[in-house]
Protein chains: 2
Amino acid sequence: MTVTDRRWRVAAMPDEQLDSSHFELVPADRPEVSDGEVGCRVLWISIDAAQRAWFQGVSYRGALNIGDTMPAFCIGQVVESRSDDFAPGDIVTGHLGWQDYGVVDAEELTGIEVKAPLSRYLSVLGITGITAYFGLFDVGDVKSGETVVVSGAAGATGSLVGQMAKLRGCRVVGICGSAEKQEWLTSKLGFDAAVNYRDENFRTALKEACPDGIDVFFDNVGGTTLDTALGRMAYRGRVVCCGVVSQYDTTTPSRGARGVPGVLIGKSITMRGFLYTDYSDRFDEALQALQGWIEQGSLTVAEDILEGLEKAPEGLIGVLNGTNVGKRMIHVADPS
Amino acid sequence: MTVTDRRWRVAAMPDEQLDSSHFELVPADRPEVSDGEVGCRVLWISIDAAQRAWFQGVSYRGALNIGDTMPAFCIGQVVESRSDDFAPGDIVTGHLGWQDYGVVDAEELTGIEVKAPLSRYLSVLGITGITAYFGLFDVGDVKSGETVVVSGAAGATGSLVGQMAKLRGCRVVGICGSAEKQEWLTSKLGFDAAVNYRDENFRTALKEACPDGIDVFFDNVGGTTLDTALGRMAYRGRVVCCGVVSQYDTTTPSRGARGVPGVLIGKSITMRGFLYTDYSDRFDEALQALQGWIEQGSLTVAEDILEGLEKAPEGLIGVLNGTNVGKRMIHVADPS
């Protein structure tokens, strides 16, 4: 008997800002599982601003086309396996997409030994936490006593970066987009200061919050926020290039960071881009550290959960507009 | 008796391209030497594209103003000393400027124990060689077998960088601005390939010269050359930001490097700016290595010498237009 699930297909390519007309929720016959493949029920979907960049075709991933199922990193449960590596009931992560059920090569899945609420494996114990950890400590090479500024500070990665920098003994300043987020960062997450990039006096406020300049700028957004921070870097400062959220939701992104390379030479600044996959042989190191901080109660885990597959487009559009606080994800189903 | 020398004063600030009307050669009464100061006859003047940037006021140095003596790094000979550190006859380096005679604080001078032709202390055994050495080996962290591309390849720093990368066992591609320079780089300096950024097919030629992408891009020029090279970087490539010659001779420099930071994230690229002064505690290491290569005959030292103080403006304007091959300098006088 054919089982019918649902999937979100790309209905149109965005010209400028992404909106709900670019997606269409359609019925999908459950595909057969071939040799070496695994069929999974989707439980949780990760919503990431980078998903918007996939429409631009300039990211680390190939471009999307009309008709494609919207891709996404997910947590799933194996329903049918034609691989020796997985058995029905297993909990896995992988790119299952915005749908109820996905079939992928076994090689593309990673099994999880579940020891925490499932959502954690998309937030602090998943790509988000790993990205924050290696970006701050390895790419940023942060040291105790330094001034760390993080953009997208109330977002998934930023909220962890700031807290970890505090644990390392840094002065931490968050850049975010609302007074509510500023309040949350300083009163709930322990940031030393938070500034709003939408404020008229943003440049001055950032300067005042960083009287000795910025040693490490962990950048999730790019655009004019990056331009402004580059002007406040300290000698031998490091810019961790993690994301460019401000430039994803457009077909005409900014030309490039202002004053680069001249500003880098004048203050011996390093700008370094990375992907969490650069550290695939060191994931355990990050996960052990993150797990330890959670157990000690040193890390506040912020998850922003929407209920139901039908919320996926709304979830992504919101992330692009900064409506989320912490890691946004879609809860599709519970494991059986 | 008052001795009258000559000095080049800034006569006007350039709007766009620098020309000879921006300088005026005027008589200068030889100033008195105060306590702690040293008076030096200028022997050699270093001509550097960065001197144009000093008019922009955005460099590591304060901006120039009308009436200022044009500053420059020089080799001089002490005539009068009111410091215990220097005696008449000593050969020194320091910022003496475009003039016959300069008086500076003793602290700003460095004595040279002369073991080579004096001009070498402005080229391979001076800032140029030190910059090339640390830029390539430390900032660029170059490894044997990698593909190294250097812009401004026929210039002072570039010509040394390419040769040192060959000595390290790299594939070396030079970017320059004429067919003559291309020929010189490949036939005289041993570069594996050279491409002309002024050619219509520059982008394609660079791609063909770097089939495996660029591991280290040593950039002296910025602008569209940097944009093009960024598009050819290999995974985990490094961009050594040493100079921005293409953007000095204008009051409207390019906004910034295209696609930064997105392109850095996609391929885990590092861009790092530096000044040779970052390595002031390691100069000996570089100088010993450079001296060794010269003694072995492994380094071709290219010096582009103009005779006479009156040639200084012409010398700088030429460097900005790429007329020099190797390190340009002005020979003003011989030591007594």
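In helix 4 (residues 179–187) of chain B, the residues B:K181, B:Q182, B:W184 and B:L185 are buried, a term that requires 20 or more other C-beta atoms within 10 Å of the residue's own, with C-beta atoms placed from the backbone. Seen down the axis of helix 4 of chain B, these buried residues fall within an arc of 165 degrees, so they line one face of the helix. The model is predicted: local features need pLDDT of at least 70, side-chain atom pairs count only at pLDDT 80 or more, and totals for chains, interfaces and linings use all residues. Residues are numbered from 1 along each chain as its sequence is written, and chains are lettered from A and ligands numbered from 1 in the order in which they are written.

**Helix 4 of chain B**
- The arc is that of the directions from the helix axis to the C-beta atoms.
- On the other side of helix 4 of chain B, B:A179, B:E180, B:E183 and B:S187 are exposed (12 or fewer such C-beta atoms).
- The cover over the buried residues of helix 4 of chain B includes helix 3 (156–167), strand 9 (171–176) and strand 10 (193–196) of chain B.
- Helices (H or I, at least four residues) and strands (E, at least two) are DSSP runs, numbered from the N terminus.

**Interface of chains A and B**
- In chain A, 29 residues are in contact with 29 residues of chain B, contact being a C-beta separation within 7 Å.
- Strand 13, helix 7 (262–266) and strand 14 (270–273) of chain A are the elements that give two or more residues to the side of chain A that touches chain B.
- That side of chain A divides into 14 nonpolar, 10 polar and 5 charged residues; Ala, Val, Leu, Ile, Met, Phe, Trp, Tyr, Cys and Pro count as nonpolar, Asp, Glu, Lys and Arg as charged, and the others, Gly among them, as polar.
- Strand 14 of chain A and strand 14 (residues 270–273) of chain B run antiparallel and are joined by 3 bridges, where pairing requires at least two bridges found by DSSP.
- Within strand 14 of chain B, B:R272 stands opposite A:T270.

**A:V244**
- A:V244 is found in the loop between strand 12 (233–241) and strand 13 (256–258) of chain A.
- A:V244 is buried because 29 other C-beta atoms lie within 10 Å.
- Not counting residues up to four places away in sequence, A:V244 touches A:V221, A:G222, B:P261 and B:G262.

**Domains of chain A**
- Chain A is divided into domain 1 (4–122 + 302–331) and domain 2 (127–277), with bounds from an automatic or database domain assignment.
- The centres of these two domains, taken over C-alpha atoms, are separated by 28 Å.

Key
Contact = placed C-beta atoms within 7 Å.
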